[in-house]
Amino acid sequence: MTYRVVQWGTGNVGRHALAGVIAHPELELTGVWVSGPAKSGTDAGTLAGLDHPVGVTATTDADALLASRPDCVVYCSMTDNRLFEAVQDLQRILAAGINVVACAPVFFQYPYGVLPDELLKPVQEAAAQGNSSLWVNGIDPGFANDLLPLALAGTCLRIDQLRCLEIVDYASYDNRAVMFDIMGFGKPMDETPMLLQPGVLSLAWGGTVRQLAAGIGVTLDAVTQTYERVPAPESFDIATGHIAEGTAAALRFEVRGMVGDTPVTVLEHVTRLRPDLCPDWPQPADPEGSYRVEITGEPNYALDLVTSSRNGDHNYATVLATGLRIVNAIPAVVAAPAGIRTALDLPLITAPAHRPGR
């Protein structure tokens with residue numbers, strides 16, 4: 001079966017997702033939405049970084065794309081600084097009877113117990129109206145903290161704590177808005193960035209710890225968050241700008257799913273802009289970074305995932321993985337019952353056996 005697909009957004013993740021759609025033998029690219037005139041009219045092959053045209057050009061005309069009634073939209077628009085607009089986008093697409101796979105907003109990975117009704121219900125109602133499905137995933141939140149830990153959990157006699165970590169050097173991450181405005185790197189230590197405002201960490205990753213709890217049959221009493229930041233010992237530059245001495249250069253946070261006073265499911269991030277910062281914090285399995293699953297129980301597990309690519313570094317590889325995680329799920333999401341789907345609902349997602357190389 002062939003699925004007709006529209007790519008929505010061609011930024012950091014979207015361009016990789018677009019290349020994945022073009023290469024997938026079961027998917028037919030029928031349209032590409034872009035946010036402004038600079039990319040409008042450009043062939044999708046160019047936007048995907050390919051060396052050949054594919055005969056589909058980008059447009060800013062969302063109405064026309066939705067009217068073409070594709071089977072699925074791959075939604076990769078920037079959402080971190082436009083959450084309400086992104087939710088409205090999803091409602092509009094779902095209500096039109098079109099399924100959606102998306103890399104964000106991340107709280108839809110597992111929104112139950114996380115989102116207030118005023119955000120959750122309109123999306124549920126739009127999916128019911130259009131008999132369509134929404135699946136949000138990626139690497140983190142995504143397969144590094146749902147697929148991998150739950151696979152290991154299925155081999156345990158007892159689980160006392162399930163902890164997922166991202167331990168990554170972000171110096172080469174190419175998104176200034178995320179790095180400076182949202183995460184607060186390069187900002188004064190007394191300035192609280194968007195990510196660290198009260199409740200934001202639990203909104204972004206609360207679904208992760210709640211989904212893990214649901215996957216291992218645990219009812220949480222609460223979800224809590226904590227963080228610490230460390231300043232740069234001297235000035236240095238990263239891919240997206242300058243980090244002045246004394247401004248934020250390392251961040252560590254935890255979102256904890258609590259049963260009583262005990263953290264049972266935990267999401268931890270250790271984010272450095274230089275590998276020599278905070279040597280006492282958890283260290284990655286590879287100098288550039290790794291994703292780690294730790295299970296304390298019987299048996300105990302420690303699993304490290306290290307990403308790499310012939311076309312770029314670890315940050316390139318993880319962004320690529322985010323895009324392909326959702327693209328490869330399109331057939332399963334189209335076949336799924338209407339509504340918000342989670343990793344607990346879908347079958348195992350795999351890639352086609354042979355994909356033309358990039």
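Is cysteine 103 buried or exposed?

1. Cysteine 103 is buried, at a relative accessible area of 14% (buried is under 20%, exposed over 50%, partly exposed in between, with a 1.4 Å probe and protein chains only). Cysteine 278 is buried as well, at 10%.

2. The model is predicted: local features need pLDDT of at least 70 and side-chain atom pairs count only at pLDDT 80 or more, while totals for chains, interfaces and linings use all residues. Residues are numbered from 1 along each chain as its sequence is written, and side-chain values use heavy atoms, without hydrogens and water.

3. There are zero disulfides in the structure (a disulfide is a pair of cysteine sulfur atoms within 2.5 Å). Cysteine 103 is in none, and the nearest cysteine sulfur, belonging to cysteine 76, lies 4.1 Å away.

4. The chain contains 10 helices and 15 strands (DSSP runs, numbered from the N terminus: H or I of at least four residues for helices, E of at least two for strands). Its radius of gyration is 20 Å, close to the 21 Å from the globule rule for 358 residues, so the chain is as compact as a globular protein of that length (taken over C-alpha atoms; the rule is 2.2 Å times the number of residues to the power 0.38). The C-alpha trace spans about 55 × 45 × 40 Å along its principal axes.

5. Of the 358 residues in the chain, 53% are buried. Among contacts between residues at least 6 apart in sequence, 72% join residues at least 24 apart (contact means heavy atoms within 4.5 Å).
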